[in-house]
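The following exercises concern one protein model. Each sets a task and then works through a solution step by step.

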Amino acid sequence: MTPVRIEATNGVAVLVIDNPPVNALSAAVRGAIADAIAAVAADPAIQAIALAAAGKVFVAGADISEFGKPPLPPALPEVVAAIEDSAKPVVAAINGMALGGGLELALACHARVVAPSAKLGLPEIKLGLIPGAGGTQRLPRLIGAAPAFALMLSGDPVPAQKALALGLADAIADGDLIVGAADHARALAAAGSWTKARERADKLTTEDRAAFEAVAAEALKRSARIPNVPALVDAVRGVFDKPFAEALAAERAHFKALVADPSSKALRHVFFAEREAARIPGMGKEVKARPITKAAVIGAGTMGGGIAMCFAQAGIPVTLIEVKAEALDAGMARIRGNYETSVKRGSLSQAAMDARMAHITAAVGLEAAADADIVVEAAFEDMGVKAEIFGTLDKVTRPGAILATNTSYLDVDAIAATTSRPQDVVGLHFFSPANVMRLLEVVRGAKTAPDVLVTSLDLGRKLGKLPVAVGVCYGFVGNRMLAKRTQAAERLLLAGALPHEVDAAVTDFGFRMGPFAMADLAGIDIGWRARKAAGDKAVKAPVADALAELGRFGQKTGRGFYLYPEGARAGVRDPETEALIVALSEKAGIARRSFTREEIEARLFYPMVNEGAKILEEGIAARASDIDIIWVNGYNWPAFTGGPMHWAEGVGLAKIVAGLEEMAAETGDVSLEPAALLKRLAGNAGSFAALEAA
Ligand code: 3HC
C-alpha cells in the first residue's frame with residue numbers, strides 16, 4: 001500500500017499522506033509524494049492539487065530514525081522542489097501539527113490553508129539541527145528573516161491564528177479543511193497565477209535584516225556549545241547574501257554536518273529515550289489503567305502543595321490534607337501566592353487561576369482521603385511518620401485506591417508493608433518545584449500491582465510529567481547517582497581542587513550550576529541533617545559537614561562554600577572556606593595537587609556511570625536510556641551530551657573502566673571498582689544500546 005493516496009474531486013487532486021502514527025517523511029513517503037505529484041501533473045483532468053494528511057498530525061517532519069543511516073532517495077529537498085515547481089498550483093491542507101520537514105513541504109506549496117487547531121513550527125533546533133529542506137530560505141521569504149529566525153531558534157510551533165498573522169498561513173478553514181484547501185487551489189488555477197516562496201523578496205527589507213542581525217548576535221552570544229545556532233545564523237543570512245540555489249545548498253551542507261555531530265546524535269537519543277521510557281518490559285497491553293477522577297495529597301508543605309498544583313493544572317479535583325489547620329492555611333496561601341505571581345507575570349490568566357484554585361479543596365484529617373482514587377503522601381521524610389500515615393490510609397481509603405508515597409530515599413516496600421494492600425502502594429518521586437519539574441520517578445515496589453504501575457505512568461503523563469519506572473533502592477536512580485557525584489566532589493576538594501574549580505568544570509560541561517553552588521542554594525544543612533539521619537548509608541562529605549557545623553548553611557546564611565555579600569545570588573570565593581579545606585586535607589594526610597578540567601570531569605562522572613551500570617545490573621532501571629532521561633530532566637545534565645550513559649559511550653567504556661580502576665586503587669574505595677556489566681560491555685559491544693537490543 002502506498003503511503004500517499006490520490007483522491008480526485010472536481011478537477012482538484014487531493015494527495016493524502018497516510019503514514020501512521022505521525023506521517024513522518026520516510027523514504028517510502030517521500031517517494032510516494034514525488035510519484036503522486038508526477039502522476040497528477042500528467043493527468044489532464046486535474047487543474048490543481050491539495051496536499052493533505054490523514055490522522056491528527058499533518059506531518060511531524062523528516063523520519064528521525066533514518067538520520068545517520070545511508071540516505072535513501074529521493075531526498076526531501078528534491079520532493080520539496082517538485083512541489084514548488086509543479087505546473088499546477090499546490091495548496092497545503094494543514095490539519096494538525098506541521099513540523100520540520102512537514103512544514104517545509106507546506107512552505108513549498110503555493111498557499112497554506114490551516115485548521116483552527118493546527119500548529120506550525122520548525123523544531124529542528126531542539127534536535128541539534130537546523131531545517132534542511134529549504135525552511136531557512138522559504139520561511140524568511142514568506143514572513144521576514146527576523147520573525148523566521150526567532151521561530152526557528154525557539155523551535156516552538158505557532159498556533160493557526162499566529163501563523164495567519166505572520167503570513168505563514170494564507171487562510172484558516174472555517175468549514176471542511178480539505179474543501180477549503182481544494183477551493184483555494186482551484187481559485188489559483190482559475191486565476192492562472194500563483195507565487196512561489198522562493199521568488200518572494202518583499203519581506204526582506206533593510207529593517208528586517210537589521211532586526212535579524214540584532215537577534216542573531218544575541219543568540220550567538222548565548223550559545224557557545226552546540227554548533228546548530230551559528231549554522232542557523234549563517235543559513236538565514238544566506239537569504240540576503242546568496243542566490244536562492246546557493247543558499248539552499250549551504251543550508252543542506254550545514255544540515256548534513258549537524259546530523260553527524262555528536263550533539264545532534266545525543267539530542268536524538270534523548271528524543272527516542274523519552275518515548276521508550278513509556279514502555280515497561282513485559283507489560284502487556286491487556287493491563288489497563290485504573291480510572292483517576294479524584295486525588296488527595298497528604299502534607300501541605302512546598303512539595304505537597306506543588307503536587308496538588310499538578311493535579312489542579314490537569315483538571316483533576318484534589319483534596320489537600322494536613323493534620324493541623326494552621327499548616328493547611330499556610331500551604332493554601334503558598335499555592336495562591338504562586339498562582340498570583342504567575343498571573344502578575346502574565347503566564348497565567350486570572351480565569352485559569354480561579355479554575356485551578358477551584359480544583360483544590362483543603363481539609364484537616366486523613367479521613368478526607370476516603371473517596372480519592374489516588375492518595376499521594378508528601379509528609380516529612382521519616383519512616384515512622386510515613387508508617388503511621390499509611391496505616392491510617394489503609395483503614396480510611398476505599399478499596400482499590402492507589403496509595404503513593406513521595407519519598408526521595410525511603411524503602412517503598414517497607415512503607416507498603418505497613419498496609420494490608422501492598423499491591424496498591426507505589427512511589428511517586430516528584431522533583432522540586434513539583435509543579436515545574438518534568439521528571440517523575442515511579443517507584444515500583446516488590447508487590448506493586450501491574451495496573452498500579454500502568455496507572456501511575458499514565459497519570460504522570462496526564463500531569464504533564466515525564467514518568468520513568470524505577471525499582472526500590474536507597475535514593476532510587478537519580479539520588480543514588482547524585483550521592484556518587486557528591487562524594488566525588490568532596491574527594492576532589494580534599495585532593496587539591498577548590499569549589500570554584502569543580503563548579504567551573506561542571507558548568508563548562510553544560511550544567512547550569514556546579515555541585516557546590518547548588519549545595520549553597522539548596523542549603524548545606526539539609527544534606528548535613530540527611531547524612532546524620534542516614535548513618536552508614538550516607539556519603540562522606542567532610543567539607544560540607546564542617547561548614548554546616550560552623551552555621552554556614554549556604555545562601556540563606558550568606559556563607560557556605562562561597563560568600564554571598566549582601567544577599568547576592570552568585571557566590572564569591574571565600575578564603576575562610578578554602579583555608580578550611582586545606583586544613584582538612586592536611587588532617588587527612590593528603591598532599592594537595594591541581595586538577596585539569598578533564599580530570600575533574602572524570603572524577604565526578606565516571607563514578608556516576610559506574611553506579612548507573614550497577615543500577616542496570618540490579619534491574620532498578622530497565623534501560624540505560626531511562627537513566628539518561630532521569631538525569632537530563634531531573635538533574636539538569638546537559639541534553640546535548642545525551643545523559644550520563646550516552647555520554648559514557650562517547651568517552652569509551654574501556655577508558656571509563658580503566659579510570660575507575662585507578663580511582664579505586666587511589667582511594668581504597670571498593671565501590672569505585674568497575675561494575676561487572678561495565679567491564680563486560682567495555683570488553684565487547686562498548687555500548688549500552690547493545691544490552692537493550694539483547
Ligand atoms: N520521525 C520518526 N518518528 C517520529 C517522529 C519523526 N519525526 N515524530 C514522532 N515519531 C514517532 C515517535 O518516536 C513515537 O514512536 P513510538 O510510538 O514508537 O514511540 C510516535 O511517532 C508518536 O510520537 P509521540 O509519542 O511523540 O506522539 P505525540 O502525539 O506525543 O507527539 C509530535 C507528536 C508532536 C509530532 C511529536 O512526536 C514530535 O514532536 N515529533 C518530532 C517533531 C520533529 O522534531 N520534527 C523535526 C524532524 S527533523 C526534520 O524534519 C529535518 C528536516 O528539516 C529536513
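**Exercise 1.** Are F509 and F511 buried or exposed? Determine also how their rings are arranged.

*Solution.* The model examined here is a predicted one. Step one concerns accessibility: F509 is buried, and F511 is buried as well. Step two turns to geometry. A pair of aromatic rings is described by the distance of the centres and the angle of the planes. For F509 and F511 the ring centres are 6.1 Å apart and the planes stand at 25°. Planes under 30 degrees apart count as stacked, so this pair is stacked. Step three looks at the surroundings: F509 and F511 belong to one aromatic cluster, together with F431, F605, Y606, W631, Y635, W637 and W647. The charged end of R485 also sits over the ring of F511, 5.3 Å from the ring centre.

**Exercise 2.** Classify the pair formed by Y409 and Y474, and state which parts of the chain the pair ties together.

*Solution.* The whole structure contains 20 aromatic pairs. In the pair of Y409 and Y474, the distance is 5.0 Å centre to centre and the angle between the planes is 35°, and the pair is tilted. Y409 is located in the loop between strand 14 (402-405) and helix 16 (412-416), while Y474 is located in the loop between strand 17 (466-471) and helix 18 (478-495); the pair therefore ties together parts that are 65 residues apart in sequence. Finally, consider accessibility: Y409 is partly exposed, with a relative accessible area of 29%, and Y474 is partly exposed, with 32%.

**Exercise 3.** Which side chain of opposite charge is nearest to R356, and how far away is it?

*Solution.* Begin with the location: R356 belongs to helix 14 (residues 350-358). The nearest side chain of opposite charge is D354, 10 Å away. Leaving aside residues up to four places away in sequence, R356 touches A312, Q313, Y339 and L348.

**Exercise 4.** Identify the buried residues of helix 21, what covers them, and what follows the helix.

*Solution.* Helix 21 spans residues 524-534, and its residues I524, D525, W528, R531 and A534 are buried. The cover over the buried residues of helix 21 includes helix 20 (515-522) and helix 22 (542-549). After helix 21 comes G535, which has a positive phi near 60°.

Key. Residues numbered from 1 in each chain as written. Predicted model: local features only at pLDDT ≥ 70, side-chain atom pairs only at ≥ 80, totals over all residues. Heavy atoms only, no water. Buried < 20%, exposed > 50% of the residue type's maximum accessible area, 1.4 Å probe, protein only. Helix = DSSP H or I, 4+ residues; strand = E, 2+ residues; numbered from the N terminus. Contact = heavy atoms within 4.5 Å. Phe/Tyr/Trp six-rings, centres within 6.5 Å; stacked < 30°, edge-to-face > 60°. Lys NZ or Arg CZ within 6 Å of the ring centre and 35° of its normal. Lys, Arg positive; Asp, Glu negative; His and termini not counted. Salt bridge = Lys/Arg side-chain N within 4 Å of Asp/Glu carboxyl O.
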